[in-house]
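Notes below, in the order I looked things up.

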Amino acid sequence: MKKILAIALALLMVLSLVACNNSNSDNQGDNNQGGGEQAADLAGTYDVTIWAPEAAVELTKKQVADFNSSNEYGITFNVTVEPVSEAEAAGNVVTDVSAAGDLFFFAQDQLSVIVKAGCLTKLGQGAAATVKELNAEGAVLAAQSGSDLYAYPLTADNGYFMYYDKSVIPEDHVDSLEDILADCETAGKLFSMETNTSAWYIAAWFFGTGCHSNWDFDEQGNAIALDDDFNSENGVIAAKGMLKLLNSPANLSNSGVDAFSNGAAVVVSGTWAYNDALAILGENLGATDLPSFTVDGKSYHLGSYNGCKLLGLKPQEDTKKAAALNQLALYLTNEKCQLERFNELAWGPSNTNAQADPAVQANPGLAALLAQSPYSVPQPNIPNAWWDIAKVIADDVKAAGNDDAAIKAALDKYIASAQGCVTAPAE
Amino acid sequence: MNNEKRHMGLKTLNRASNTVIYILLVIISVIWLLPFVFIVFQSFRVESTWQVGYVIPQQWGLQNYINLWNSDFKRWYLNTFIIALASAVLVTVIQLCMSYTLSRFRFKMRGPLMRFMLILGMFPGMLTMIILYRVLADLGLTQANAVPGLILVGVASSGMGYYVSKGFFDTIPKSLDEAARVDGATRFQVLYKIILPLAKPIVIYTILTAFMGPWGDFVFARYVAMGTSAGYNVAVGMYSWLTNDQINSWYTTFCAGGVIVALPVTILFMCLQKYYVEGVTGGAVKG
Amino acid sequence: MKRYSDMEYLRLSKWNKFVYKLVSFLVSIPLGIGHFFVKIWKGIKEFGGKVAAECKDIWTTFVTGDWKTKLSFLVMGFGNLAHGQILRGVMFLLFEVVFIFYMVTTGGYWLSKLDNLGDKGPESVYNAVLDTNTTVFNDNSFKILLYGVLTIFFIIAFIYTWRANVKQNKLINQILKSGKKLKSGKDDLKSLVDDQFHKTLLALPMVGILVFTVMPIVFMVLVAFTNYDGSHNGYSNALFTWVGLKNFGTMFSWTANTSAGLQSYSATFGEILTWTLIWAFFATFTNYFLGMCVAMMINKKGIHLKKMWRTILVMTVAIPQFISLMYVSKMFAQNGLLNQMLMNHGWIKQPLPFWTDPTWARITVIIINIWVGIPYLMLITTGILMNIPADLYESAKIDGANAWQQYRKITLPYMLFITGPYLLTSFTGNMNNFNVIYLLTGGAPTNAAASGAAGSVGYTDLLITWLFKITTGGESLYYLASVVGIMVFVVVALISLVVYNVLPSIKNEEDFQ
């Protein structure tokens with residue numbers, strides 16, 4: 001009578017046998033760590049997958065082909081490049097590292113999450129030294145957790161500055177927030193900066209008055225300490241500066257340059273938006289560093305975060321493949337490849353030689369970023385939760401009104417929440 | 001005279017209320033259709049690729065459709081179509097087996113089984129996705145092989161959705177079965193020769209909903225594809241176009257994609273509308 | 001409270017009727033819950049009795065059986081084979097062989113690891129010559145738990161099959177004693193399309209449900225008792241293991257995170273649950289009544305082009321939700337079509353905060369959900385409205401009832417009676433309406449006080465989207481998500497139980513046939 005059940009179970013079993021066989025073969029990687037392997041032993045053909053953002057897919061394919069034909073080790077990579085955006089890559093790697101691309105592009109704010117999940121290979125000593133030597137200091141910092149390097153810097157252009165409409169804002173007004181806001185209000189135009197919706201932009205105000213927010217991470221990727229003085233006197237001054245924008249009818253919390261076609265005269269955004277902005281404003285487009293604001297007669301220049309894109313290597317079981325991939329990662333982040341990426345995609349390089357290239361220096365977007373750089377803070381590792389906690393500072397400050405004590409209370413509340421992201425030292 | 005007056009009053013009142021209803025219906029129709037009209041217009045806009053504050057394009061063109069053709073959209077579309085087709089067949093078979101049995105047979109485990117499935121249905125399915133993903137990954141049915149993986153999971157768990165068609169089967173008189181059984185027909189013959197022809201509306205309804213489901217499958221499909229474009233379905237692929245860093249260059253292409261996805265499904269739906277309505281009214285409420 | 005008989009009830013005033021109904025409903029809630037626990041207890045007792053009876057039966061079968069019977073306790077299906085029932089015997093034997101093979105090769109391994117979900121985590125190895133770090137992956141807690149659960153499923157199935165095999169011997173002896181013929185393999189096959197047809201039909205769907213629904217749910221529930229999260233992912237960083245009821249303690253402690261300046265999980269849970277219930281209430285009833293209104297308008301005598309109106313609405317059902325919802329979501333965005341149009345016309349200076357202000361966002365999702373839901377409700381109610389006997393209205397008209405009175409006295413009670421079960425499923429469905437919330441707002445705007453402890457929490461987040469965010473955020477607190485999942489189950493089950501016990505029309509399914 002129970003035949004059906006029996007068939008069903010047999011089916012189940014076959015299914016699981018297949019599954020289990022599969023799982024047992026997982027551990028058959030080449031664990032040969034015997035000494036005596038020389039660099040030249042890396043010769044061979046390797047199948048690798050790279051996750052790159054859609055725009056960079058073709059270029060990456062070409063660069064790997066260049067590597068295949070030019071490297072001194074006799075390494076050949078059979079490469080598949082999948083279009084995976086930087087934001088998505090981090091999430092996917094953490095969810096299932098075995099399915100992830102061997103090399104993947106990601107934004108630096110995800111570093112701690114991926115390190116914490118054990119999904120990045122720590123760089124060897126030689127590679128770490130090379131990376132440190134060739135790249136800008138901020139970019140190296142971005143790839144570190146604790147004192148170890150976990151990724152290869154790709155760009156150092158993930159910062160913001162000001163795009164503006166020259167027909168609305170005269171050139172001699174661009175240094176003063178008050179003047180710009182007055183121009184916008186007179187012309188019925190908007191000042192578009194993501195002050196209400198993004199902690200990344202909110203931080204600009206606080207850095208402008210000399211506040212800092214620094215996180216310490218351990219080698220496992222846990223945030224172990226926060227040193228943040230956004231609730232200091234300077235923090236209150238920053239909040240008052242922010243209020244000037246928040247209380248202005250010109251305030252628009254948005255970072256897309258499409259706002260230019262819909263009433264914005266100023267958009268605070270980054271290099272990635274340059275071409276779109278140019279398409280809308282044409283010769284009226286101006287790009288420069290952020291303005292200063294004045295509180296109690298003293299002027300403060302808006303700061304900013306400057307971040308990087310990184311290239312990560314997922315944990316490998318095969319030593320030779322890991323070493324070969326290390327060579328490829330170093331190649332993909334070297335001066336030549338970074339310049340190629342600058343030429344084709346307008347990604348600003350992190351390599352110091354590439355940064356000094358005249359073409360890079362002449363790019364209006366990067367020039368504006370450069371002009372902003374004296375005021376910018378290299379973006380450190382930040383726990384994910386912070387972005388949500390700090391996001392509401394603007395709304396809280398606005399609700400507090402122009403009352404110093406209430407502003408201080410709102411900032412104290414923020415500090416208390418942010419301290420909650422600190423993990424107690426491991427048991 | 002008085003009576004007539006009252007009659008006239010009712011008539012004018014009726015006419016007035018009908019006019020109001022007509023106005024309301026027109027407003028409702030406009031509200032319901034406008035977004036779709038917008039999508040169609042925007043898909044032909046070529047002067048810019050981001051969101052703008054007007055509906056009628058300043059420059060008309062097919063650039064967005066050409067972009068679509070040059071992207072991986074073709075592959076995603078094919079994937080979705082295969083999944084939809086396979087589910088339409090397999091899900092229908094499974095659900096009909098399930099609902100017919102639970103509607104027609106009285107066996108010992110029937111009550112407990114139905115109660116068990118009712119309880120199962122109260123667990124949020126969201127969490128089980130991560131587990132199903134791992135199972136599929138072990139079977140090698142993720143990433144580039146996402147299509148068979150999605151079909152497998154979709155079909156295997158479809159038995160839970162038997163309510164609507166069971167409600168419909170419940171409305172077919174049992175005396176029909178009994179008469180046939182008395183005439184010596186086996187259970188299988190009863191199903192095949194008597195019930196199925198009567199159940200045409202619900203069969204078509206099930207096929208239709210099973211076919212339409214995969215076009216909107218998004219969260220689990222994204223898991224299963226795990227960053228491999230070849231395994232995306234349209235929803236997963238097109239979702240990435242509307243993320244904050246992509247929307248300014250892909251918004252109008254998204255609209256074009258929306259039109260291409262919606263067109264065949266809508267046409268199919270319109271043709272089979274009659275059955276869908278019968279299925280919904282006959283089954284959905286009673287389940 | 002005083003219970004009224006039917007006659008007494010009818011004589012009450014309207015207000016008293018309402019009060020009476022409400023009070024009896026409220027009273028029925030604790031009663032229903034109590035009833036439920038009594039039922040569970042009875043079920044357990046019954047189950048225990050059954051197990052004892054089974055054991056006794058197995059014992060008697062063994063003692064009274066011949067050597068063939070006794071041998072088939074060890075070699076499954078032997079009794080069937082010995083009596084010429086080849087098909088049955090082979091099936092039993094095959095099952096036993098496969099089971100033993102599985103247990104020896106892999107099942108035993110998973111079971112042995114199940115007690116602490118693995119001993120050895122991954123190790124990083126530095127190769128000085130190649131200057132490279134590699135990782136050696138050892139145990140994988142996730143797989144141990146997954147295949148451990150699967151193995152336990154097999155063992156249960158095996159015990160069940162073994163029991164069936166023992167029963168078979170008893171049956172054979174009985175049949176032989178009574179002088180009848182045993183069923184041949186051919187008979188068995190034939191019965192599969194006849195007497196036993198339901199088993200044939202259910203086999204495939206049930207296997208699917210078992211593997212792809214039941215097993216994952218069991219797994220999910222078990223995760224609530226482990227420390228599985230982003231820092232213990234069981235594979236690439238650290239293994240996870242059993243922690244008992246600790247997670248439930250964390251979830252329900254009012255002070256869990258407050259010392260660190262964060263809101264406690266229980267407060268967050270309470271906030272989200274409240275909004276989830278508010279949302280489910282409005283989403284269900286706005287759709288229900290407005291859908292009914294639209295249906296009645298279209299159905300009204302004297303309205304022409306009925307089919308066209310219906311088609312226009314139904315068309316929106318056909319378009320996949322992710323397109324329509326994502327499009328509408330962008331349409332209402334700060335720089336979306338709607339705001340830009342209003343600003344271009346100079347009607348507003350600042351974009352309206354559809355998705356950035358908590359109250360605006362909550363109201364907007366409810367309104368857009370009306371847009372999504374009305375066509376479907378319109379279809380459902382149309383069918384039922386047309387089934388209301390016309391003479392009810394005729395006699396009401398003769399009594400001089402106006403349209404509103406007709407609606408209150410005839411249409412509404414009739415509709416509520418028929419659609420009671422639908423309203424219940426629709427309410428619980430809305431509680432878990434992931435698509436609408438996720439595609440429209442993704443939970444935004446952010447609720448900073450609640451975020452941080454458990455991923456990003458927003459003001460429009462339902463429990464279900466919160467749960468999803470917990471598992472995908474950087475921290476990936478799977479164990480917490482699992483606790484939330486169990487809580488969602490409890491809430492849905494409680495609501496269903498209460499409503500089930502109060503609504504008249506769900507109680508007897510046979511009524512509909």
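This is a predicted model: local features need pLDDT of at least 70, side-chain atom pairs count only at pLDDT 80 or more; totals for chains, interfaces and linings use all residues.

Before the bridge partners, a reminder to myself: two strands pair if DSSP finds at least two bridges between them.

**Entry 1: strand β3 of chain A**

I started with β3(A), residues 103-107. What does A:W51 pair with in β3(A)? Its bridge partner there is A:F104. I then checked β16(A), which runs antiparallel to β3(A) and is joined to it by 5 bridges. Here A:A107 stands opposite A:K309.

Is β3(A) mostly covered or mostly open? It is mostly covered, with 5 of its 5 residues buried. I looked at which way they point: A:L103, A:F105 and A:A107 go one way, A:F104 and A:F106 the other, and all are buried.

Next I looked up the domain assignment, which gives domain 1 (42-157 + 307-366) and domain 2 (158-304 + 381-419) for chain A. Their centres, taken over C-alpha atoms, are separated by 30 Å. I get 20 residues from domain 1 of chain A and 17 residues from domain 2 of chain A in the contact. On the domain 1 side, the elements giving two or more residues are α4 (111-116), β6 (152-159), β16 (304-313) and α15 (364-372) of chain A. The largest share of that side is from α4(A), with 5 residues. By class, I have the domain 1 side down as 8 nonpolar, 7 polar and 5 charged.

**Entry 2: chain A against chain B**

I counted 19 residues of chain A in contact with 18 residues of chain B. Which elements of chain A give two or more residues to this side? They are α1 (3-24), β2 (75-83) and α3 (86-95). α1(A) has the largest share, 4 residues. The chain A side splits into 7 nonpolar, 7 polar and 5 charged residues.

**Entry 3: chain C against chain B**

Here I found 77 residues of chain C in contact with 64 residues of chain B. Helix α8 of chain C (residues 197-223) gives the most to the chain C side, with 17 residues. That side has 53 nonpolar, 21 polar and 3 charged residues.

I picked C:V211, which lies in helix α8 of chain C. Why is C:V211 called buried? Because 20 or more other C-beta atoms within 10 Å make a residue buried, and C:V211 has 23. I also noted C:L150, 61 residues away from C:V211 in sequence but 8.6 Å from it in space, C-alpha to C-alpha.

**Entry 4: the cores**

The largest nonpolar core has 174 residues, and B:V224, C:L467 and C:V484 have the most contacts inside it. Domain 2 (65-223) and domain 3 (258-506) of chain C both give residues to this core, so it lies between them. I listed the neighbours of C:L467, leaving out residues up to four places away in sequence: B:P124, B:M126, B:L127, C:A481, C:V484 and C:G485. A second, separate core has 80 residues, including A:Y305, A:F342, A:W347 and A:V377.

Definitions and conventions. Residues are numbered from 1 along each chain as its sequence is written. Chains are lettered from A and ligands numbered from 1 in the order in which they are written. A nonpolar core is a set of buried Ala, Val, Leu, Ile, Met, Phe, Trp, Tyr and Cys residues joined through C-beta atoms within 7 Å. A residue is buried if 20 or more other C-beta atoms lie within 10 Å of its own, exposed if 12 or fewer, and partly exposed in between; C-beta atoms are placed from the backbone. Domain bounds come from an automatic or database domain assignment. Two residues are in contact if their C-beta atoms, placed from the backbone, lie within 7 Å. Ala, Val, Leu, Ile, Met, Phe, Trp, Tyr, Cys and Pro count as nonpolar, Asp, Glu, Lys and Arg as charged, and the others, Gly among them, as polar.
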